[in-house]
Amino acid sequence: MSKPIYVLNGPNLNRLGTREPHIYGTTALSDVEAMCRAEAAGQAVEFRQTNSETQLIDWVHEAIDHGSGIIINPAAYTFTSLALLDALKMFDGPIIELHISNIHKREAYYHNSYVSKVATAIIAGLGAKGYPTAMRAMHDLLESAR
């Protein structure tokens with residue numbers, strides 16, 4: 001069996017569906033997970049969310065040892081966490097940075113992503129539909145690496 005794709009979600013994403021729906025939509029995180037698993041078509045998926053920077057970094061470390069790819073929506077840690085950047089630098093596989101909103105159309109403090117410095121690809125502004133798009137892209141990236 002192939003290594004799982006890690007889908008990692010940062011702070012406040014557990015509030016999807018109710019948090020600022022005019023920005024983030026009304027789709028709950030549980031629905032996002034279901035979309036990812038459906039799109040994975042049998043590929044193992046580790047889908048996780050945390051409000052803790054420490055936990056997010058620990059999951060990246062786990063993916064370094066056990067994962068084939070990382071899809072990460074680091075939320076606010078995108079713009080603040082050098083520690084997350086350092087952890088992601090150690091991952092040898094593809095990394096897709098994902099944002100529900102288009103961070104470049106938002107306030108200036110959302111424009112500098114540390115994660116983009118190591119991401120293979122970036123998906124932003126597609127709402128919750130960005131997740132299945134990222135799963136398809138990750139599948140393609142992993143296939144082309146074989």
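1. Ser101 counts as buried, at 9% relative accessibility; buried means under 20% relative accessible area, exposed over 50% and partly exposed in between, with a 1.4 Å probe and protein chains only. The residue lies in the loop between β4 (95-99) and β5 (121-124). Leaving aside residues up to four places away in sequence, Ser101 touches Ile23, Tyr24, Arg106, Ala124 and Gly125, where contact means heavy atoms within 4.5 Å.

2. This is a predicted model, in which local features need pLDDT of at least 70 and side-chain atom pairs count only at pLDDT 80 or more, while totals for chains, interfaces and linings use all residues. Residues are numbered from 1 along each chain as its sequence is written, and side-chain values use heavy atoms, with hydrogens and water left out.

3. The protein has five helices and five strands, in the order β-α-α-β-α-β-α-β-β-α from the N terminus. Helices (H or I, at least four residues) and strands (E, at least two) are DSSP runs, numbered from the N terminus.

4. Strand β1 (residues 5-9) is mostly covered, with five of its five residues buried. Ile5, Val7 and Asn9 point one way, Tyr6 and Leu8 the other. In a regular strand the side chains alternate between the two faces of the sheet.

5. Two strands pair if DSSP finds at least two bridges between them. β1 runs parallel to β2 (residues 45-49), to which five bridges join it; there, Val7 has Phe47 as its bridge partner. Five bridges also join β1 to β3 (residues 69-73), again parallel, with Ile5 opposite Gly69.

6. Helix α2 (residues 29-40) has 12 residues, which at 1.5 Å a residue should span 16 Å; its end C-alpha atoms are 16 Å apart, which agrees. The expected span is 1.5 Å times one less than the number of residues.

7. Leu29, Val32, Cys36 and Ala40 are buried in α2. Seen down the helix axis, the buried residues of α2 fall within an arc of 75°, so they line one face; the arc is that of the directions from the helix axis to the C-beta atoms. These buried residues pack against β1, β2 and α5 (130-145). On the other side of α2, Ser30 and Ala38 are exposed. After the helix comes Ala41, with a positive phi near 50°.

8. Of the 146 residues of the protein, 45% count as buried. The C-alpha trace spans about 40 × 30 × 25 Å along its principal axes. Among contacts between residues at least 6 apart in sequence, 76% join residues at least 24 apart.
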